[in-house]
Amino acid sequence: MSDNTNVTRTNQTSNVTRTGQKENMPRAALAPAVDIAEGASGITLFADMPGVSKERLTIQVEGDNLTIEGQAQVDVPENIELLHSEVRSPYFRRSFTLSRDLDPAKIEATLRNGVLQLHIPKSEEARPKRIDVKVA
Amino acid sequence: MFSSYQAAGSLFPELTRLQQQLEEFFQPAGVAGIRSLAYGAFPAVNVGSTPESVEVIAFAPGIDPKEIEITVDRGLLSLSGERRSDPSQGQQGGQTNTYAQERFTGRFRRVISLPEDADPGKVEAKFRDGVLHVTVAKKESSKPRQISVS
């Protein structure tokens, strides 16, 4: 919780009351908008995570659950007073359930200009196969 | 209110957000002019103020910073540009099934009404990780200053 995140924080008191709770309590987070498309090779996911740098992004696979999580950081003067805010939390989090035909070990991730792109390939045996018909 | 970002996770963050929205409804936070800002538009914008400057933070992921046009005209700051769908999208070859398409694409334009004391001559813009940060300095005359008694 650096001071730099306070551009998206409106309710200071709720942050104070929350510090007494357990570390892994869910913080108020925003669900990033995503595009998900499936091609022959696998699933491609795009997620809008503005202000999130590579260091503040985590992608986790636990069993069949994929979670993307990040914290936006914007350098603003310390004495800033918010007049208007549409993005109310610097935290982004969203989870997805992976189906069995996907290979979580081979997920590729790229982050560019605040957009996370994930490619989740299908496991070899799940890829579409063409079956040749032999003419007898 | 129907922002492109929705609260995730358990019920509690959702309740916190609801509470914040209610609070704001009953206590509008200052900028409720005739051109007051609309919710749900792209890019989402936060506006803050310090004694020296007005800070406008636009959350514009996936945009080439060179393509953002920023203009200031008589107290109105406008941000416009276009967000194209990612070139690698839909280039997977063969059949593609789309399961979710929540991200904004197309042209956008947002106009923000700056406070009276903003100086349209001193505007700086930075872009990092999909966040556009515009700093508009305040006029010298409106800055708080101390008057010493001689």
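The following questions and answers concern a predicted model.

Reader: Why is A:D35 called buried?

Author: A residue is buried if 20 or more other C-beta atoms lie within 10 Å of its own. A:D35 has 21 C-beta neighbours inside 10 Å, so A:D35 counts as buried.

Reader: Where in chain A is A:D35 placed?

Author: A:D35 belongs to strand β2 of chain A, residues 34-38.

Reader: What makes β6(A) and strand β2 of chain B a pair?

Author: Two strands pair if DSSP finds at least two bridges between them. β6(A) and β2(B), residues 44-49, have 4 bridges, in the antiparallel sense, and therefore they pair. Within this pair, A:S85 stands opposite B:N46.

Reader: Which sheet has these strands in its order?

Author: An open sheet of 5 strands, in the order β6(A)-β2(B)-β3(B)-β9(B)-β8(B), with antiparallel pairing. Neighbouring strands are turned by 20 degrees against each other on average, direction ignored.

Reader: What does the secondary structure of chain A come to?

Author: Chain A has 1 helix and 9 strands. Along the sequence the pattern is α-β-β-β-β-β-β-β-β-β.

Reader: How many residues does chain A have, and what percentage count as buried?

Author: Chain A has 136 residues, and 36% of them count as buried. Of its contacts between residues at least 6 apart in sequence, 60% join residues at least 24 apart.

How values were computed:
Residues numbered from 1 in each chain as written. Chains lettered and ligands numbered in written order. Predicted model: local features only at pLDDT ≥ 70, side-chain atom pairs only at ≥ 80, totals over all residues. Helix = DSSP H or I, 4+ residues; strand = E, 2+ residues; numbered from the N terminus. Axes fitted to C-alpha atoms, helices over the stretch in contact; angles between N-to-C directions. Buried ≥ 20, exposed ≤ 12 C-beta atoms within 10 Å, placed from the backbone. Contact = placed C-beta atoms within 7 Å.
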